[in-house]
Amino acid sequence: MSVEEDAYNSLCAYTLAHGDATFIHQHVVDAFAAQHADARSKAIKVTFALVGLYLLIEKHFSGRQVQLMHMRLAQRKHRWPTFALPAGRGTLTAVDVMAAREGPERDDAIMAWCASVWAAYVGSREVVASLLREHGIT
């Protein structure tokens, strides 16, 4: 297991233990999926990760709200878009997030990580926004 995967797994344990209504764990899953997507990644995985980041960063959705939108999108059969994978996927990683002190500092680091990853995918913004409009999600 790589250092990055180990940090991600530790971060998942941390966020799942939160037990809060906002479900910050969803943001961790989305950031990691988008940051580590490759040619073998399924289109639905990348799409849902980018949808989650868009809804968090641009629409200020909680993780629970993002999760509900993922479920709503999954209700219909759909041909999911493919996205160009940027060479750089953000300046922060799960390792950086885990270096932050547990509690509000780490939670803020999660949000900064998500913003960093979403910024790398800015060229995909309109495809994501269009997909959500198509499904009645704004």
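Biologist: Which residues of helix 1 meet helix 6?

Modeller: This is a predicted model, so read each contact as a feature of the prediction. Leu11, Tyr14 and Thr15 in helix 1 meet Arg106, Asp107, Ile110 and Trp113 in helix 6. By class, this contact has four nonpolar, one polar and two charged residues.

Biologist: At what angle do the axes of helix 1 and helix 6 cross?

Modeller: They cross at roughly 120 degrees and come within 12 Å. An angle from 65 to 115 degrees would count as roughly perpendicular, and one over 145 as roughly antiparallel. Helix 1 is therefore oblique to helix 6. The crossing of helix 1 past helix 6 is left-handed.

Biologist: Where is Ala94, and is it buried or exposed?

Modeller: Ala94 is in helix 5, residues 94-99. Buried means under 20% relative accessible area. Ala94 has 0%, so it is buried.

Biologist: Which residues does Ala94 touch, leaving out those up to four places away in sequence?

Modeller: Ala94 touches Glu4, Ala7, Tyr8, Leu11 and Trp113. For a distance across the model, take Ala94 and Lys59. They are 35 residues apart in sequence and 23 Å apart in space, C-alpha to C-alpha.

Biologist: How do helix 3 and helix 7 cross?

Modeller: Their axes come within 10 Å and cross at roughly 90 degrees. Helix 3 and helix 7 are therefore roughly perpendicular to each other. From helix 3, the contact takes in Thr47, Leu50, Val51, Tyr54 and Leu55. From helix 7, it takes in Arg125, Val128, Ala129, Leu131 and Leu132. By class, the contact has eight nonpolar, one polar and one charged residues.

Biologist: Why do the buried residues of helix 7 line one face?

Modeller: Start with the general idea. An α-helix has 3.6 residues a turn, so residues three or four places apart point the same way. Now the case here. The buried residues of helix 7 are Val128, Ala129, Leu131 and Leu132. Seen down the axis of helix 7, they fall within an arc of 160 degrees, so they line one face of the helix.

Biologist: What covers the buried residues of helix 7?

Modeller: The cover includes helix 3, helix 4 and helix 6. Just after helix 7 comes Gly136, with a positive phi of about 75 degrees.

Biologist: Which residues other than glycine have a positive phi?

Modeller: Most residues other than glycine have a negative phi. Among the exceptions here is Phe23, with a positive phi of about 55 degrees. Another is His60, with a positive phi near 60 degrees.

Biologist: Where do Phe23 and His60 lie?

Modeller: Phe23 is in the loop between helix 1 (3-16) and helix 2 (25-35). His60 is in the loop between helix 3 (43-57) and helix 4 (63-74).

Biologist: Is Phe23 buried or exposed, and is His60 buried or exposed?

Modeller: Phe23 has 17% relative accessibility, so it counts as buried. His60 has 65% relative accessibility, so it counts as exposed. The cut-off for exposed is over 50%.

Biologist: What does Gln26 touch, leaving out residues up to four places away in sequence?

Modeller: Gln26 is in helix 2. It is buried, with a relative accessible area of 10%. Gln26 touches Gly63, Val66, Gln67 and His70.

Terms used:
Residues are numbered from 1 along each chain as its sequence is written. This is a predicted model: local features need pLDDT of at least 70, side-chain atom pairs count only at pLDDT 80 or more; totals for chains, interfaces and linings use all residues. Side-chain values use heavy atoms; hydrogens and water are left out. Helices (H or I, at least four residues) and strands (E, at least two) are DSSP runs, numbered from the N terminus. Buried means under 20% relative accessible area, exposed over 50%, partly exposed in between (1.4 Å probe, protein chains only). Axes are lines fitted to C-alpha atoms, for helices over the stretch in contact, and angles run from 0 to 180 degrees between N-to-C directions. Angles under 35 degrees count as roughly parallel, over 145 as roughly antiparallel, 65 to 115 as roughly perpendicular and the rest as oblique. Contact means heavy atoms within 4.5 Å. Ala, Val, Leu, Ile, Met, Phe, Trp, Tyr, Cys and Pro count as nonpolar, Asp, Glu, Lys and Arg as charged, and the others, Gly among them, as polar. The arc is that of the directions from the helix axis to the C-beta atoms. A crossing is left-handed if the near helix is turned anticlockwise from the far one by less than a right angle, and right-handed if clockwise.
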